Amino acid sequence: MTLDQSFVRHITRRLLSVLPTLLMLITVVFFLVRVAPGGPFDSEKALPPEIQANLEAKYHLDEPLLQQYFRYLGQILVLDFGPSFQYKDWTVNELIAQGFPVSLTIGALAMLLGFVLGVSIGVGAALRQNSAADFSTMGFAMLGVSIPNFVVAPLLILLFAVYGGWLPAGGWDWTWQSAVLPVVTLALPVIAYIARLMRGSMIEVLHSNFIRTARAKGLPERQVILRHALKPALLPVISYMGPATAALITGSVVVERIFSIPGLGSYFVQGALNRDYTLVMGVVLFYGVLIIALNFIVDLLYSILNPKIAYEEL
Amino acid sequence: MPLLEVKDLHVRFETPEGEVHAVRGLDFTLEPGEGLAIVGESGSGKTQAMLAILGLLAENGTSGGQALYQGADLMAMEPHELNRHRGRDIAMIFQDPMTSLNPYLSIERQMVEVAMHHQGLSRREARVHAVEMLRAVRIPDPESRIRQYPHQFSGGMRQRILIAMGLLCEPDILIADEPTTALDVTVQAQIAGLVEEVVQRSGMAAILITHDLGVVAGVSDRVLVMYAGEMVEYGTVEQIYRSPRHPYTRGLIDSVPRLDRADDDALHAIPGNPPNMLSLPSGCCFRDRCSRAFEACAEAPELRDAGDGHLKRCHLEEAP
């Protein structure tokens, strides 16, 4: 693919089409968090009314809702997510900058693990189609898809931290030990889903005429699989990477919470519980942009892998 | 020693409806440089017989018998041994050029890998060789078009590419499985002519699978007629055309439309359908469709020599 004019035009078109999506996201999130009962400064002990009023005035919460909305839009334009209501002296931008590297590390590792293991298991099962090994791995994969991470995580903690004592039960200190359990928990459904996807598409590809041609050419089976079958079989997996990112992000919200990891997900949950409007909106928007960007990358990857899809058609 | 000797070839498929015995004891030989046409309706087992010889049957298929290439049994070989012959000594061209090339790889990669694998050429040498072959099958501007992908070529062009790919290693045997069937009528003649040309020029042996007796004459020395998984007639092109000895062959010849007979503009079809391969009738399989059937046909006929190596599987004494 060359960086020619139509490519630039395509990118511009794609970027422009993102704007309405983002506007919709901002609008929905903005009003949804405010619909939730309670407010950021509610606590068990009611604040004196003057203090409450002062606080609301400081954060412009006393203004009419629409005015707040447009004020927020204005801020977003200059990429300012505003101050956090709960973490005093912290802006949402700072909180995201602090939490994201942790979440990214866990998420990227889980994605990598999910892709590599999922693809290998799927190919292995496809090559031994309908054997005992195939049925058992696909059975496990079915389990992996259906068991929620809030069940897997405590089980893993019980096994490897409480009984085994090999790994910490939670916390985060940038060591591999603290990453293993959360990454595995997060990756498990991805591995399982990709394995099933890969097995199915590999079996389908192996039945196609061009694979028969490759075999008729006398190529070793290894080369037939790796050079001729792998690429087309990967296409469904590549298109799943977009939704997989979304699933990982949702998963990380729960997993970070369970393992007490100071990532974006933890901030998001804390923000939602505290009615920390700006923090919740900031994290949601940030994740929204991330998912859109990754889907875009996936589309590009797809068009590179499949010569029939020119990027004009994306 | 014949180049290829097929002995008692059987192909069976497990299907949900039961076992299909698609090829039922096929014997034939192919001499170096000989052209053999295998003729029969769809489902007569002609393609499956060839796929079985090359170990390319679908997963639910099993094969039995022998296919001796220069004395070595292809069907008893380990995969890596068989791979030394596939593509190098025996090349096969398939029916559907639209799906027989890998859509995700450039023509260059698909051709170069054959030459590199079998002939030990460097990538550069292999590319030069591939371009040469593309030029030989008259792909215009092969140096630049070799970089393109299959979807950028028409069906006829793709079949040309597949032919060029098959010829890369100068095989001893070229098996062409209805290479023109899936193409537009307008390019069918071109491709048929091309196959004929490359076979004659290279002097290799060729097996042409077809359902159309009209296209046989150009490439073939001998014709093998198959019906319901069996050989029903075998002879030289002359014997088969001049004096067919099986009513089925007669029917096939009559069903080729003739433009040179102004008085006869009717299409002569063979009545009925091929038998259900799941439950073959007793006796001669062609009996139900045969206008010449008589009492003896209740018993399955053996293959008999009708003189000069002309074989027929029919109880009739005279020519139909």
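This is a predicted model: local features need pLDDT of at least 70, side-chain atom pairs count only at pLDDT 80 or more; totals for chains, interfaces and linings use all residues.
Residues are numbered from 1 along each chain as its sequence is written, and chains are lettered from A and ligands numbered from 1 in the order in which they are written.

Let me begin with chain A, which has eleven helices and zero strands, where helices (H or I, at least four residues) and strands (E, at least two) are DSSP runs numbered from the N terminus. The C-alpha trace of chain A spans about 85 × 60 × 30 Å along its principal axes. Of its 314 residues, 32% count as buried, a residue being buried if 20 or more other C-beta atoms, placed from the backbone, lie within 10 Å of its own. Among the contacts in chain A with a separation of 6 or more, 73% come from residues 24 or more positions apart, and two residues are in contact if their C-beta atoms, placed from the backbone, lie within 7 Å.

Next, a single helix. For the 13 residues of α3(A), residues 65-77, the span should be 18 Å at 1.5 Å a residue, and the end C-alpha atoms are 19 Å apart, which agrees; the expected span is 1.5 Å times one less than the number of residues. Just after α3(A), Leu79(A) takes a positive phi of about 60°.

Now to the helix pair. The axes of α6(A), residues 149-163, and α9(A), residues 221-258, come within 10 Å and cross at roughly 30°, the axes being lines fitted to C-alpha atoms over the stretch in contact, with angles from 0 to 180 degrees between N-to-C directions. That makes α6(A) roughly parallel to α9(A), a term for angles under 35 degrees. On the α6(A) side the contact is made by Asn149(A), Phe150(A) and Ala153(A), and on the α9(A) side by Gly251(A), Val254(A), Val255(A) and Ile258(A).

Finally, the two chains. The contact takes 25 residues from chain B and 19 residues from chain A. On the side of chain B that touches chain A, α2 (79-85), α3 (97-100) and α4 (107-119) of chain B each supply at least two residues, and α2(B) gives the most, with five residues.

Definitions and conventions:
Angles under 35 degrees count as roughly parallel, over 145 as roughly antiparallel, 65 to 115 as roughly perpendicular and the rest as oblique. A residue is buried if 20 or more other C-beta atoms lie within 10 Å of its own, exposed if 12 or fewer, and partly exposed in between; C-beta atoms are placed from the backbone.
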